[in-house]
Amino acid sequence: METPENEIFRDSIGTITEDGKRAWVFPKKPSGKFYNYRKLVSYFLLSILLFSPFIKINGNQFLMFNVLERRFNIFGFPFWPQDFYLFVLSMLIFVIFITLFTVAFGRIFCGWICPQTIFMEMVFRRIEYWIEGDRGKQMRLAKQPWNAEKIKKRGLKFIIFAFISFIIANVFLAYLISSDKLIAYITDGPTSHLSTLVSLLIFTAVFYFVFAWFREQVCVIACPYGRLQGVLLDTKSIVVAYDHKRGEAESGRKKFRKHEDREALGHGDCIDCMQCVNVCPTGIDIRNGTQLECVNCTACIDECDHIMESINLPKGLIRYASEENIDEKAPFKITARMKGYIAVLAIMTGLLIGMLFLRNDLEATVLRLPGQLYEHKDNNIISNVFTYKLVNKTSNNIDNVSMKLMSHKGILKLVATSDSFNVPKQEIAKGTLFIEINNSDLSGDRNKIKIGIYQGDELIETTTANFLGPRSFK
Ligand code: SF4
Ligand code: SF4
């Protein structure tokens with residue numbers, strides 16, 4: 001069946017031509033109220049993104065995601081592999097929050113908060129406008145042969161883009177390996193850390209590729225979040241939308257003609273000037289309705305508002321609105337679906353806060369040495385050998401730490417260390433210990449024992465382990 005003409009846009013994406021080639025988008029430079037707000041939000045978020053790895057709270061990096069050593073700092077709180085459940089729970093809360101936000105406000109995250117959009121539209125694109133000029137000039141430059149002007153402009157753009165990509169790669173590395181290590185590597189000289197230098201150059205190349213060439217394709221083709229819009233959005237979601245009722249009226253859109261009575265002719269307020277299409281960084285026509293390519297960047301709202309102002313019509317032909325709002329003038333309502341998400345979000349956030357409060361400063365693990373059974377000693381004493389690991393999750397040293405057997409009468413002996421020791425801040429104390437218990441106090445071949453970890457006389461953590469003894473044939 002042949003696609004109706006007004007549905008043809010659904011058969012392709014705005015950035016790929018009919019013969020499958022890349023349709024390069026030259027968006028007009030946006031301007032207007034929303035663009036100004038977005039600039040302010042971007043400056044704020046860029047500062048957070050660029051400086052977070054270099055801010056310390058209680059000596060901890062503000063944000064760090066050291067996947068290699070599996071150490072994470074979130075808002076200055078260190079998280080260890082042992083806290084992985086908290087990390088998973090935080091990620092689940094983040095996903096539900098984004099889902100809720102998307103159901104209510106569409107892809108607002110993409111336009112205002114996503115680092116890809118912020119870097120692309122507020123950093124790289126603005127440099128491009130500065131070097132190559134606005135849409136028309138960029139299109140002319142792209143078409144013209146490689147003369148002195150083109151070489152100069154493209155060369156300058158390449159150098160600046162590559163430099164910024166290098167800076168982003170460094171910041172990215174500071175998130176991954178910590179800013180302290182990054183600074184140490186820089187002061188040592190990059191050649192002393194060749195593998196890190198190679199990683200840095202690979203990251204730089206990836207960022208350059210994304211922002212200089214791949215661009216809006218990240219949002220259109222690669223980003224899974226964009227693909228989820230189809231299932232998350234409904235007619236009540238608020239998105240960047242064209243008011244087709246007002247724009248098309250009875251006889252459809254029509255070019256503007258001075259002194260023409262559009263109302264009498266039945267034409268809508270859209271004057272088919274194509275400015276909303278020209279300004280769109282993903283190359284779509286928002287008048288076709290909500291599309292997966294739309295990143296809700298608001299550039300078309302600003303542009304259409306300028307046009308409406310210039311022809312003395314009310315602004316808001318393109319605006320934040322839901323389909324229901326446009327069709328039935330229905331106000332925004334919290335739907336049952338949103339209430340469900342809010343309830344789940346509240347429960348999970350409560351759970352996370354509770355778990356954070358219950359999280360111990362020191363985490364202890366005591367495990368029997370693999371392959372070892374038990375030793376039968378004089379006086380009916382049974383001995384087991386264990387390994388222990390104490391993780392100090394705080395930013396303070398924990399001194400005078402000792403371990404005692406709590407569940408049975410018996411002896412706990414640390415190997416190669418004194419009875420009390422220190423666990424330095426954010427470090428792990430490991431070692432081996434023996435536990436000796438009289439066989440008459442054991443209840444069989446497998447006994448659950450409880451061990452207390454003390455700081456001085458204060459019990460700060462408990463843990464359990466399995467203690468093996470001879471089989472009982474009672
Ligand atoms: S900018 Fe506004 S008036 Fe111009 S084509 Fe787009 S919707 Fe119509
Ligand atoms: S349609 Fe409008 S809001 Fe959506 S990406 Fe294009 S310019 Fe931005």
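Modeller: Domain bounds here come from an automatic or database domain assignment. By that assignment the protein chain splits into domain 1 (1-359) and domain 2 (362-468). Ground rules: this is a predicted model, where local features need pLDDT of at least 70, side-chain atom pairs count only at pLDDT 80 or more, and totals for chains, interfaces and linings use all residues. Residues are numbered from 1 along each chain as its sequence is written, and side-chain values use heavy atoms, with hydrogens and water left out.

Colleague: What separates the centres of domain 1 and domain 2?

Modeller: 53 Å, taken over C-alpha atoms.

Colleague: And how many residues are in contact?

Modeller: Eight residues of domain 1 meet nine of domain 2, with contact meaning heavy atoms within 4.5 Å.

Colleague: Which residues form a salt bridge?

Modeller: Lys-393 pairs with Asp-83, the closest N and O atoms being 2.7 Å apart. The rule wants a side-chain nitrogen of Lys or Arg within 4 Å of a carboxyl oxygen of Asp or Glu. Across the interface of domain 1 and domain 2 it finds one salt bridge.

Colleague: New topic. How many cavities?

Modeller: Five of 30 Å³ or more. A cavity is a set of points on a 1 Å grid over the protein atoms alone where a 1.4 Å probe fits but cannot get out. A volume is the space filled by probe spheres set on the points.

Conventions:
Chains are lettered from A and ligands numbered from 1 in the order in which they are written. On a 1 Å grid over the protein atoms alone, a cavity is a set of points where a 1.4 Å probe fits but cannot get out, and a pocket is an open set with protein on both sides within 12 Å along at least five of seven lines; lining residues have an atom within 4 Å of a point.
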